[in-house]
Each structure stands twice: as C-alpha cells, then as structure tokens.
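Have a look at the model first, then read on.

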Amino acid sequence: MTDDERLLASERVQQSLIAVSGATRFMSGILMGTAMAVYVGRSGSEFAVSMVLTAYFLGMTVFAPFWGAVADVTGRRRAVMVATGLLATLAVLPLTVVDGVWGPIGLRALYAVFAVGFGPVMLAIVSERGGAEGRGQSLGFYNSARGAGFAGGQLVVGVLLGLLVPASLYLVIAAVSLLSTAAAALVADPTPSTDRDPDAGEVLAEVRRRLLPAVDDREHLRTNGLWVLYVALALRNMTVLGVMSLMPVYLTRDVLFAEVVLAGVALPPETVMGALLAINPAGQTVFMYLFGRIADAAGRKPLIVVGMAGSGLFAVVEAVATVPGGLLARTLVAGAGLVVIAAAFSAMTTGALAFIGDVAPAARESELMGLRSTAKGVGGVLGPPIIGGVATVAGIEAAFAVGSTLAVLAAGLAFAGLVESGPVAPDPSPAPGDD
C-alpha cells in the first residue's frame, strides 16, 4: 500500500470524504429545489409550486431502491455512486437554457432519477462502518453532515436568488453536484462484495425480483414489523413534504409581507426565507448526532414514534405563523416550527435507519435502505399535490392543519406495529420452562 493509499484509508480522511460527499450531494438538491420553487411561484399556482417537490420524489420512489438493488447485486457500490452522480450533474445543465414552468419541473424529475442513487448506497456503507454497536453513532455522523449540506444550501440559495440569473445559479448547482461525485469516488467500501461478475441480464432479473418480490420472498419485510415502518414513513412524509413544498412561497408571500430590518439593514423576503429554511437542516446537524447516541442507548422505536408525532406538530405551528400581526412575531413562530421539525426529523430518521440496519439481511441492506427512500418518495408524490390542491381552494394555513393528521396517524401506526430491534430490545429466546 502506497503512502497515498494509506492516507485515503485512514479513519479521519474517510469520515471527511463521507461528510463532504453527503453534504454537497444534498446541498445541490436543496439549491435546485428551493430556487426552482421560487422561480415557478413567480408565474405558477400553488399546485405548480408543489409539483417541484413531487417531481423529485417521483424519481426517488422508483429509482432509489433500483440503484440500491443494483449496488447489492453487483457489489460495486462506489461505482454506482460515481456513475449516478455524474449523470445527475449532466441532468442539471439543460436548466441553463430551459424556461417556463413545466420544462424545469420535468428536468427536476430527470435529475432525481440519478441523484437518488447516492443515498441508499452511502447509507449502507456508513451503516456497515458503524457495526452492530456503533451503527446509530455512525449514521448520526453522516446525517449531521447531510444536515449541514441542507443548511448551507438554504442559506446560500436565499442570497444567490438575488445575485444570479437562473442560468448562472444552475451552473453553481452543477458544480456542487460534481464535487460530491469526486468525493464519493474516494470513499472506501467495507460492505460485503459478490464473488461473481453478473452480466446485464442477470442484474436486471435480480433487480426485478427484489423490487417485486414473490409472496414467498417477503419474509424479510415482516421482521420486527419492518413493513409497518415503511407505511408509517409514507404517511408522515405526506404531511411534511406537502408542507415543505409550499414553504418557500408561503414564507416569502404570506409570512414575510415586507423587508426585515436587522441591525439597520433591510433584508428582502428571499434572504430571510433562506435563513429560516436553514434552521431545519442546521438543527439536524446537532440533533442527528445526539439522537444517534440515544438510539444506541434507549432503542429505535421511541425515536421513530416521537419523531413522527413531532412532524404533525410542525405542520400545526406553521399553520398559525400568519396569525400574529407583527412581522417579527410571524418570523419567530415560523422559525419555531422549523426547530420542531429539525428535532422530529432527526429522531425519526436516526431511529428508522438504525432499525433497518438492525433487521436487514447483509445482502439486502442497500435495497432496504432504498425502500425507505421509496416510502419517502410515496409521501413526496402524494403529499405535495394533495396539500397544494387544498391550499389552492382553502388557503395554505388550512392545508397545513389538515395535513398534520397524517403524521399523527403515522405515529400511532408505528407505536402499535413496530417491535424494538436495538441493543436494548428484550432477548427473544424463550425463558426456561417455556414451550
């Protein structure tokens, strides 16, 4: 092993590469999503704005488990991350010349087809690095980096919207996406590899079998109520993603009705919007690490249930953000709601990822991490148009309040249907004398 290889293999360097690749991958996605929502909102309806997020999750629903299964079948996880990352970067470039409402939304969906290849594969690598005892902490570290990328993206996009024309902003997004791919190419893969080199036909057949398993090949989905987790995640994400799809427009148009003056400087609504939306991912960088430790000490299920219930509370808080008459009070209420969702999302996500890592067979871990993204994608496909449609008819505040009920239902389902899987779970072996 050369000196350069030893340096790349060191724990600190690998953690840095994982952090950079994760942060920049999600930064590029949030830069695109928030900027496009603002651009579409200038000439389109609330429903059209909500479709910006739906377009992304249409791609996620199908292709996150697809790429995860390809990675598992071939054993070439790093190659999958690099290839999909490069294709996602190329998909950004046409946005520099395409205008209007539905053309950019279609390109957003194409970007998602490839960008979602990163998440399930990197999650499997990070989960394997943590092992049984440190999985929660390892996933917490990765998600903290992911949250930092989101926060940076939200802060930067609010400023760039006022400085750059759309074409230049989309070039910045492509550059950030390319940086993520370069870092991912240097990440070491400790997950089990296959001893065979399947051809394209074999890969597609195995992927099809995994994505559409036969009735007798679904036992792994019943372990500790795993299928219940996926259903609950879909319901919860209908609430949160439906609300978040309208937040850029809601904040700039309804909550922030004038410039915010801070230390004698008048800040436009777009800049304040970016700062407010950054509260959620910035909070995640702290909460993810904290809840990673809690997941290892107190179990996965409590975090999942509390996180889903807190997601419903977030929607209610945002629904009342326009009630105060003063601009400062409105801003504080909206910010408080985003703190709530930062904590709720961190608890739920850390618990869910550790839960999946606990119960997933080693050969299907990327696949099942990808299926979590599919559940999130179902919420992202259904939630935004439903809440966007209600908002078009009854107003955004009413839509947020109605949407909160789905997250509460998800929390109840998780409480009733999940069986603790972590180190604190009771020994499932029968007691002496039991049959």
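On a 1 Å grid over the protein atoms alone, a cavity is a set of points where a 1.4 Å probe fits but cannot get out, and lining residues have an atom within 4 Å of a point. Keep in mind that this is a predicted model, where local features need pLDDT of at least 70 and side-chain atom pairs count only at pLDDT 80 or more, while totals for chains, interfaces and linings use all residues. Residues are numbered from 1 along each chain as its sequence is written, and side-chain values use heavy atoms, without hydrogens or water.

**The largest cavity**
- The largest cavity has 46 lining residues, and nearest its centre lie Ile30, Phe57, Arg146, Phe150 and Lys376.
- Helices (DSSP runs of H or I, at least four residues, numbered from the N terminus) build much of the story here: H6 gives the largest share of the lining, 9 residues.
- Among the others that each supply at least two residues are H2 (11-41), H3 (46-74) and H13 (365-394).
- By class, the lining has 27 nonpolar, 13 polar and 6 charged residues (Ala, Val, Leu, Ile, Met, Phe, Trp, Tyr, Cys and Pro count as nonpolar, Asp, Glu, Lys and Arg as charged, the others, Gly among them, as polar).

**H9 meets H12**
- The axes (lines fitted to C-alpha atoms over the stretch in contact, with angles from 0 to 180 degrees between N-to-C directions) of H9 (226-255) and H12 (327-359) come within 12 Å and cross at roughly 155°.
- H9 and H12 are therefore roughly antiparallel, a label for angles over 145 degrees.
- Their contact (heavy atoms within 4.5 Å) includes Leu226 and Tyr230 of H9, and Phe345 and Val359 of H12.
- That contact of H9 with H12 has 18 nonpolar, 1 polar and 3 charged residues.

Technical notes. Angles under 35 degrees count as roughly parallel, over 145 as roughly antiparallel, 65 to 115 as roughly perpendicular and the rest as oblique. On a 1 Å grid over the protein atoms alone, a cavity is a set of points where a 1.4 Å probe fits but cannot get out, and a pocket is an open set with protein on both sides within 12 Å along at least five of seven lines; lining residues have an atom within 4 Å of a point.
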